[in-house]
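Student: I would like to learn how to read helix packing and a few local features. Where do we start?

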Amino acid sequence: MHSHRHSHRHSHRHRHSPIGLFFRMAALRVAVVGAGAAGLCASRFLAAQPDVFHHDVFEMASNVGGLWVYTDQTTKDSYGHDVHTSMYEHLCTNFPKESVMPSKDNAKTPWRVCVKQLATNKEEVLTYDAVVVCNGHYSKPIIPSIPGANTFHGKILHSHYYRTPDGFRDQTVVCLGAGPSGTDIALELAPYVKRVILSSNDEPFTCTMPSNLEQLAGIESIENGTIAFKDGEKRMADVVMLCTGYEYVYPFLAPECGIEVKHRMRVTPIYKHLLHVHRPSLVLVGLPQLVPPFVVFHYQVQYALKVLQGFTKLPTVEGRLADEESEIRMRLDMGLKPHQAHQMGGLLAGYLEDLADLAGVEPFPSVKYAILMESYFKMKQDLMNYKKYNYRIIDEDDYSVTEP
């Protein structure tokens, strides 16, 4: 792996190891790219087996936590790099708390990782048996092409750059996109703005909404200060907030790594939404969407480490490619788009069960999955308050719910 990403290096050195995927009596050397939630999860499980793995964690920011570290900065950090986090000041999670260039073209040869210490500008080349990529996918905004956007008299910004509602007082704001960010920000803005318009091509919410929140179809075009919507409606607005998601990007992976991103959000060739099909020692954690991320990291990392150790037998390359094709075909048959190749939703339970079975670990508790599903349905029924419900696990089958 050849990396042009400027990174801090945090090293954890250990000794000794049994035989792993690489059939040697030496510890497997693993590079973890990114110290956000996924990277910390990977580091936790790697550090728990000091006789098996030696690992280093590389992080571009000056602290760990990734997306979950709030900063007022929205453009560049102190090193001149794009700010990675998209967290706004009052963000609240929408799921219950309970609930690189290979040295040679060969799946078992080392990876070459080029890093730069930001504080000293010192560069070095390191070699690893495996690379675990945990750089997240909420840092490069998708900016849709909207006819007439260049004529808009107001302000157009992506939700990536939103932090607080203070700068939008008494204005009319259009939030384009009704996913988690769009709905969250629209509800947060409502008490401060004159009007907020939630614009989406999806079916509108039927639950109670703030009196100054209007739901309209997606944006058709913009002309000066007027927004034309796909349902024929037109509204004047001061701000257009693009809550339109993020691209999957891996600027530090050289082309020789063989990872491609199609439709901005489909990573391929990938097995189980996790392992490079041809070089399974390259692991990409956190690809699935519409999931409780920490739960998915927990099972993905454990499965990946079992693969690296050789404790879990992989299908042939042809079998892995066929599995990937089956995954995308299933989603297309469900009516999803090619860019939704990693979307889980109702497929989550089967995915987690599959990973747990392959890793030989305890499955995700059914009571916690039931809580996740109830929280999802409450979101549809009571968008303004669903995060305020409290859940208490009684036993492995039962839980109670306290209304706000």
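Tutor: Start with a helix pair. Two packed helices are described by the angle between their axes and the distance between the axes. Here, helix H1 (residues 37-47) and helix H3 (residues 293-309) have axes that come within 9 Å and cross at roughly 40 degrees. Axes are lines fitted to C-alpha atoms, for helices over the stretch in contact, and angles run from 0 to 180 degrees between N-to-C directions. Helices (H or I, at least four residues) and strands (E, at least two) are DSSP runs, numbered from the N terminus.

Student: What kind of model is this, and how are residues numbered?

Tutor: This is a predicted model: local features need pLDDT of at least 70, side-chain atom pairs count only at pLDDT 80 or more, and totals for chains, interfaces and linings use all residues. Residues are numbered from 1 along each chain as its sequence is written, and side-chain values use heavy atoms, with hydrogens and water left out.

Student: How are H1 and H3 oriented to each other?

Tutor: Angles under 35 degrees count as roughly parallel, over 145 as roughly antiparallel, 65 to 115 as roughly perpendicular and the rest as oblique. H1 and H3 are therefore oblique. Their crossing is right-handed. A crossing is right-handed if the near helix is turned clockwise from the far one by less than a right angle, and left-handed if anticlockwise.

Student: Which residues of H1 and H3 meet?

Tutor: Contact means heavy atoms within 4.5 Å. From H1, Ala-37, Ala-38, Cys-41, Ala-42, Arg-44, Phe-45 and Leu-46 take part; from H3, Phe-294, Phe-297, His-298, Val-301, Gln-302 and Leu-305. The contact residues divide into 10 nonpolar, two polar and one charged. Ala, Val, Leu, Ile, Met, Phe, Trp, Tyr, Cys and Pro count as nonpolar, Asp, Glu, Lys and Arg as charged, and the others, Gly among them, as polar.

Student: How does H3 cross H5, left-handed or right-handed?

Tutor: The crossing of H3 with H5 is left-handed. The axes of H3 and helix H5 (residues 348-359) come within 8 Å and cross at roughly 30 degrees. The H3 side of the contact includes Val-295, Tyr-299 and Tyr-303, and the H5 side includes Leu-348, Tyr-351 and Leu-355. This contact divides into 11 nonpolar, two polar and one charged.

Student: How many residues of H2 are buried?

Tutor: Buried means under 20% relative accessible area, exposed over 50%, partly exposed in between (1.4 Å probe, protein chains only). Helix H2 (residues 180-189) is mostly covered, with seven of its 10 residues buried. The cover includes strands E10 (172-176), E11 (195-199), E12 (213-216) and E16 (239-242). Thr-183 lies in H2. Thr-183 counts as buried because its relative accessible area is 6%. Beyond four places in sequence, Thr-183 touches Gly-177, Ala-178, Leu-198, Phe-205 and Leu-383.

Student: How many disulfides are there?

Tutor: A disulfide is a covalent bond between the sulfur atoms of two cysteines. The cut-off is a pair of cysteine sulfur atoms within 2.5 Å. A search of the whole structure finds zero. Cys-257 counts as buried, at 0% relative accessibility.

Student: What about the backbone?

Tutor: Thr-268 and Pro-269 are joined by a cis peptide bond, with omega about -5 degrees. His-263 is not a glycine, yet has a positive phi of about 55 degrees. His-273, also not a glycine, has a positive phi of about 55 degrees.

Student: Is His-273 buried or exposed?

Tutor: His-273 is buried, with a relative accessible area of 5%. His-263 is partly exposed, at 48%.
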